[in-house]
Amino acid sequence: MKYDYVIIGGGVSGMTTAIILAKNSFDVALVEKSKKTAPLIRGFTRKGVYFDTGFHHTGGLGDGEILDTLFHYLGLADRLEKIPFDPDGFDLLLCRDAGFDFCFPYGYERIRERLLKTFYDEANAINSYLQAVKETFDSFPYLTLEPDRFETSILKTIQGPNLRQLLDSLTNNPALKWVLSLHCLLHGVPPEQVPFAYHACIAGSYYESVHGIKGGGRKLAGAYDDLLAEFGVDVYCGHEVSEIRPSANNRPSGVRLKDGTSLECYNCISTIHPTEFLKLVPESPFRPAYRKRLRQLDETSSAYMLFAGCRDIPESLAHRNTLITSNWDWTDSIGKNPLENRPLYLCCNQQAQGQSGIYGLIGIVPAQMIEMEPWLDSAPGRRPKGYVQFKEKISLDLQRYMERCLPEIAGHVEFTECATPLTLRDFANNPFGSIYGVKHKIGQYNPMPLTKSKNLYLAGQAVVAPGIMGAVISAFLVCGFIIGHEQLLTQLQQFK
C-alpha cells in the first residue's frame, strides 16, 4: 500500500495531523519510535501514584474557546471531562525576598480587577497591557478561526517589540512587571527575548480560562488513540524512521524504518525535533544555510523535576499552581546555584488521582544541559556512580526547597523520583533535554510548515509553540497548507 501521507512522530502534533487528514479522506500512516503514542503526555506511575508529567493544565479549553473548538472538530471533546482551575487564582505567584504574592485569576475582567486592586496607581499600564494581549491574540487566524487574517499574522511572532520592551514602555513598577512577565515560564523564553506577540498568543489563552482534564494526559492520549483507530490511521509504534526516501525529483517516496522495512507514500510530514529531521533527509533539497539555521536554533532550558505522593492536597495547590522566585529579576537566576535561587514551579494534579488515592505532586526548577556534562555519553540503566550521587543530592536539595516554600507538606509527602536534563533527553525524545523544545525568540526564524522539498512538510512545537495548544495548532497550520487554509477554517467554523 502507498499512503497519501506518512507522519513521523506520534505526539500530540502528529496524532492531530493524522486525524485531520484522515477526516479529509486521505490514507495516513503514523510512525512513533516509542512503544506508545504520545509518550510525553502519558506520564508515569510510581508506587501506585500517577504523575502527569506532560499535561498539567491548558488555556483555551472553556466552552467555545479555541482549543475547545479544535477538540470538537477532532472528535475529542465528548470523550474528555474538563476540570476548571480556580477562576479567582489559577496561579499563585510568590516573590520570596520581597514578601510579595499575587493570585492570578482568569477572565480578562477578573484579571483587570485584581491587578487594579493591587496596583491601584497603574491603571493605564494595566489597561494598555491587557488590551494589547487581547488584540494580538485575536489577530491570529488559528486562534480566532478567521481566514482573512492569515497572511498578516506570521511575522509578528519573530519581530519586536519583546515583552520586556513593552512592559518598560508602560510602567516602572518592578512588581507589576514581575507579575506580567512570570508567565514566560509557560513557554520558556525570557521577557527580553520573547516577541510580545508570541507571548500574547500563549498567555492570552490562559487569560480566557484554565482547565485540566479528568484522568490527565493519559486520558487525552487514550482518546487520541481511539480516534486514530476509528479514522483508519495505521499506527506504527516502536518503529524509528531511519530515512525519508527521495524520488528522482527530490519529493518523498517513502520512509525507511530502522528494522529495514519501508512505508511508501506520496507526502511526508515530520513533527520531530528539527535537528532530528535533518538526519533523515538527503543533502540535495536543502541549502547549507537552511541546514545551519535549523542546527543553530536556540533551545529553552531543561529542568530538574521532583515527584512526590501526597494524600492531602496543600491549600496553595488546590485547583491552582504555585510559581516562586527569589527576587523580581527572576531570569538572572535560571541555571544558577544554589538551587533555591532558581524559579520553582509546583503543581498537584488532582484531576489525575492515582489508584492508591494519592495525588502526584511535582516540583520543577530550570536547569541547563551543561550541568550534565560529565555524563552526557551515558545511557539509561548504565549511568555512572557520579551521576547517581549527583542525582541524589539534587533530589535532597529540591526536596528541602519545596518544603521551605510549602512548609505544610513537610512530613506529609513521600518523595519517589527525580528527573534531570538527561531524563528529559532520553525519555522525552528531545535531543537537548529542553523542557519546551526550541525557543521562539526575537530574530530567530523557526521552521515553517513548507519546505524546499515539495510534498515534505514540518509541524510540531518548533513550528508554532509548546504545550497542547501549540502542538494542536501546528497540526491545523500544516494541514491548512495541504487542504487549503480557507477550506479548513471554514470546516472549523461549524464547530465554533
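Trainee: Which residues does Tyr129 touch, not counting residues up to four places away in sequence?

Mentor: Start with the idea of contact, which means heavy atoms within 4.5 Å. Leaving out residues up to four places away in sequence, Tyr129 touches Leu163, Leu166, Leu167, Leu170, Leu180, Phe196, His199 and Tyr207. Before we go on: this is a predicted model, where local features need pLDDT of at least 70 and side-chain atom pairs count only at pLDDT 80 or more, while totals for chains, interfaces and linings use all residues. Residues are numbered from 1 along each chain as its sequence is written, and side-chain values use heavy atoms, with hydrogens and water left out.

Trainee: Which residues touch the most other members of the largest nonpolar core?

Mentor: First, two terms. Buried means under 20% relative accessible area, exposed means over 50%, and partly exposed is in between (1.4 Å probe, protein chains only). A nonpolar core is a set of buried Ala, Val, Leu, Ile, Met, Phe, Trp, Tyr and Cys residues joined through side-chain atoms within 4.5 Å. The largest core here has 136 residues, and Phe71, Leu115, Tyr129, Val179, Tyr224 and Phe476 touch the most other members. Helix α15 (residues 467–483) gives the largest share of this core, 12 residues. Another core, of 29 residues, lies apart from it; among its members are Tyr359, Leu361, Met402 and Leu406.

Trainee: Do β7 and β8 pair in the parallel or antiparallel sense?

Mentor: Here's a handy idea for any strand: in a regular one, the side chains alternate between the two faces of the sheet. As for your pair, β7 (residues 91–95) and β8 pair in the antiparallel sense over 5 bridges, and Leu93 stands opposite Phe102 in β8. Strand β8 (residues 100–104) has 4 of its 5 residues buried. The hairpin has 4 residues between the strands, and Gly99 takes a positive phi near 65° there.

Trainee: What about charges? How many salt bridges are there?

Mentor: Side chains of opposite charge can pair when their charged atoms come close. The rule for a salt bridge is a side-chain nitrogen of Lys or Arg within 4 Å of a carboxyl oxygen of Asp or Glu. That gives a count of 27. Take Lys214 and Glu81, whose closest N and O atoms are 3.9 Å apart. Lys214 lies in the loop between β9 (210–213) and α10 (216–230) and Glu81 in the loop between α3 (66–74) and β6 (82–84), so the pair ties together parts 133 residues apart in sequence.

Trainee: Are Arg245 and Glu264 buried or partly exposed?

Mentor: Arg245 counts as buried at 17% relative accessibility, while Glu264 is partly exposed at 29%. Their side chains meet in a salt bridge (3.1 Å, N to O). Arg245 is in strand β11 (residues 241–246) and Glu264 in β13, so this pair ties together parts 19 residues apart in sequence.

Trainee: Which residues are linked with Lys391 in a network of salt bridges?

Mentor: Arg46 and Glu417 join Lys391 in that network. Lys391 and Glu417 meet at 3.7 Å, N to O; Lys391 sits in helix α13 (residues 385–405) and Glu417 in strand β18 (residues 413–419), 26 residues apart.

Terms used:
Helix = DSSP H or I, 4+ residues; strand = E, 2+ residues; numbered from the N terminus. Pairing = 2+ DSSP bridges.
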